[in-house]
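Please read this note with the model open beside you, and take the points in order.

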Amino acid sequence: MTIKIEKLYKHYKQKDQIIQILSGVDLEIKTGEIVALLGKSGSGKSTLLSLIAGLDLPDSGKVLINDTDLFKLSDEERARFRGKNIGIVFQQFHLVNHLNAFENISLSLEINNKKDNSLIRQWLDEMGLTERAHHLPSTLSGGEQQRVAIARALIFNPKLILADEPTGNLDNETAKQITKLLFDYVRKLKTTMIFVTHDRELAELADRIVTLKDGRCDF
């Protein structure tokens, strides 16, 4: 899945202040490429990822995903496009608290009107979570919750993975395990992936590093 970002601007209002987050971002990403978005806190990394996902709208500019102009779609059309094409891994996991691991993973299939319990069990097994299938998020460790989130993001074989600080809430050892797991699957599936990080060592694993500075991409 190719991505073309053109002249993307985004600001937020904070009391009487206008805070400019993105100031004309231009970026192209090739199909199957893994790109790390690097930058200081507040540089706009998560905002850019949210715009690429269609979870937020810009002040101006375009995000073209395989020639689909994301911001020309209605809210409903964007949600449908996202559910069919984009897998998202959040730093905060964002699992549904009253659903167990099996049910959380199944959500991605349900959004696409699919039901495949054997596929869910396969992903649970590959993630080392077979024995934890019926456990609620509150009874899972941080690493286990992130593995559930990764399985949920990848199970429907999305064309694009967006990961926002996917190991930010994990200890170093668990973070290394989760990073290897995510990269191995993405490379195996030949999926395009953009991930946000402030960790230079993690960013070096990508095919390309793009640094956000002063609201623009610094190559």
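The points below turn from a sheet and its helix to pairs of charged side chains in this predicted model.

1. The sheet is open and has 4 strands in the order β2-β1-β4-β5, and the pairing is antiparallel. Its edge strands, each of which pairs on one side only, are β2 (17-29) and β5 (68-69).

2. Strand β1, made of residues 3-14, runs antiparallel to β2 and is joined to it by 10 bridges.

3. Helix α1, residues 45-52, lies across β1, β2 and β4 (60-65), and its direction makes an angle of about 120° with β1.

4. In general, side chains of opposite charge can pair when their charged atoms come close. Here the count comes to 10 salt bridges.

5. One of these salt bridges is formed by R208 and E33, with 2.8 Å between the closest N and O atoms. This pair links distant parts of the chain, since R208 belongs to strand β9 (residues 208-213), whereas E33 sits in the loop between β2 and β3 (34-38), 175 residues apart. R208 counts as partly exposed because its relative accessibility is 24%, while E33, at 12%, counts as buried.

6. How far apart along helix α2 are D75 and R78? They are 3 residues apart in this helix (residues 75-85), so about one helical turn separates them, and their side chains meet in a salt bridge of 2.4 Å, N to O. D75 is exposed, with a relative accessible area of 57%, whereas R78 counts as buried at 6% relative accessibility.

Technical notes: Residues numbered from 1 in each chain as written. Predicted model: local features only at pLDDT ≥ 70, side-chain atom pairs only at ≥ 80, totals over all residues. Heavy atoms only, no water. Pairing = 2+ DSSP bridges. Helix = DSSP H or I, 4+ residues; strand = E, 2+ residues; numbered from the N terminus. Contact = heavy atoms within 4.5 Å. Axes fitted to C-alpha atoms, helices over the stretch in contact; angles between N-to-C directions. Salt bridge = Lys/Arg side-chain N within 4 Å of Asp/Glu carboxyl O. Buried < 20%, exposed > 50% of the residue type's maximum accessible area, 1.4 Å probe, protein only.
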